[in-house]
Amino acid sequence: MSNVPVAVVTGSNKGIGFAIVRALCKQFPGDVYLTARDPGRGQEAVAKLQEEGLCALFHQLDIDDLQSIRALRDFLKEKYGGLNVLVNNAGIAFKVHDTTPFAVQAEVTLKTNFFGTRNVCTELLPLLKPYGKVVNVSSMVSSSALGGCSRELQQKFRSDTITEDELVELMTKFVEDTKKSVHEKEGWPNTAYGVSKIGVTVLSRIQARMLNEKRKGDHILLNACCPGWVRTDMAGPKATKSPDEGAETPVYLALLPSDADGPHGQFLSNKTVRTW
Ligand code: NAP
């Protein structure tokens with residue numbers, strides 16, 4: 001078993017995830033895993049970094065597929081005896097003018113962005129070594145979508161006692177409400193991506209609380225962040241930040257020094273803690 005520290009970035013064959021891997025290859029003192037659902041696209045991305053003189057390793061990971069997540073978990077357990085850094089970056093967004101019915105957009109978006117990310121956490125967080133770091137890539141859209149929720153929902157999502165089961169129930173209810181076309185009446189905003197990212201931010205707050213309760217003394221820091229508006233296939237060419245600039249806040253959180261006692265359980269953008 002290797003004692004080398006290990007970092008994993010989900011959805012990193014392109015976009016912000018790829019830029020996060022590039023930065024970690026330069027700064028993280030250990031093995032860095034570029035992961036992708038499609039091995040061809042993943043290996044191509046590793047080769048691109050190799051041309052830049054950077055050495056990333058590859059492992060397949062489809063966050064929609066529990067078997068794939070568990071295969072990565074078993075690999076990390078066996079080869080490294082755990083995990084030091086996890087960046088949950090993989091995500092999807094329908095384009096604004098996409099005509100796919102809203103209920104389908106809601107189901108598909110929540111499946112990857114919330115439920116997929118949660119499944120990765122369920123399987124990989126127990127592997128975290130002391131002083132480990134977790135970064136969940138959310139979005140400022142989670143804050144604006146929160147503002148568009150009913151007062152009752154806002155209260156639930158801001159609660160310091162909401163449980164993971166309750167959050168899952170709410171995310172499931174959103175999808176069900178869109179199918180019945182009652183989501184607005186039920187207090188939801190009209191954005192599937194926004195609700196999925198509310199899920200990611202609130203999940204991060206819950207997970208940080210659980211780490212405080214269950215692993216106090218292990219100095220693990222877990223946060224959610226927004227990378228900014230970044231020129232990728234998701235956001236398009238008009239966005240203001242390059243992928244390398246978008247990687248800055250996630251990488252800052254992934255590389256917090258071992259003597260840092262925060263941020264933890266926070267939502268950040270531009271390396272600054274934002275009010276939730
Ligand atoms: P992107 O260029 O579309 O890249 C998304 C990455 O996620 C791709 O590598 C994609 O793989 C992967 N992915 C999607 N579904 C996956 C799955 N089921 N399993 C594994 N990987 C999967 O988007 P991006 O702009 O870099 O976005 C990265 C993250 O930042 C997302 O969470 C996004 O919501 C967030 N974000 C982006 C912006 C922005 O302005 N760009 C702003 C705020 C937040 P494939 O190549 O196989 O599709």
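Helix α6, which spans residues 151-158, has Leu153, Gln154 and Phe157 as its buried residues. Because these residues cover an arc of only 100 degrees around the axis, they lie on the same side of α6. On the other side of the helix, Arg151, Glu152 and Gln155 are exposed. The buried residues of α6 pack against α5 (140-147), α7 (164-179) and α8. The model described here is a predicted one.

The helix α8 (192-214) also takes part in the second largest pocket, where α8 and α4 (102-124) each supply at least two residues of the lining. This pocket holds about 330 Å³ of space, and among its 14 lining residues Leu125, Glu164, Gln207, Met210 and Lys214 lie nearest its centre. The largest share of the lining comes from α8, with 6 residues. The lining divides by residue class as follows.

| Class in the lining of the second largest pocket | Residues |
|---|---|
| Nonpolar | 6 residues |
| Polar | 3 residues |

In soluble globular proteins, nonpolar side chains tend to be buried together. In this model, the largest nonpolar core has 34 residues, of which Ile20, Val21, Leu24, Leu34, Leu49 and Val87 touch the most other members. Elements that each supply at least two residues of this core include the strands β1 (6-9), β2 (31-36) and β4 (83-88), together with the helices α1 (15-27) and α2 (39-51). The largest share, 8 residues, comes from α1. Leaving aside its neighbours within four places in sequence, Leu24 is in contact with Ala7, Val9, Val32, Val251, Ala254 and Leu255.

Note on methods: Residues numbered from 1 in each chain as written. Predicted model: local features only at pLDDT ≥ 70, side-chain atom pairs only at ≥ 80, totals over all residues. Heavy atoms only, no water. Core = buried A, V, L, I, M, F, W, Y, C linked by side-chain atoms within 4.5 Å. Buried < 20%, exposed > 50% of the residue type's maximum accessible area, 1.4 Å probe, protein only. Helix = DSSP H or I, 4+ residues; strand = E, 2+ residues; numbered from the N terminus. Contact = heavy atoms within 4.5 Å. 1 Å grid on protein atoms, 1.4 Å probe; cavity = no way out; pocket = protein on both sides within 12 Å on 5 of 7 lines; lining within 4 Å. Points joined across faces, edges and corners; volume = space filled by probe spheres on them. Nonpolar A, V, L, I, M, F, W, Y, C, P; charged D, E, K, R; others polar. Arc of directions from axis to C-beta.
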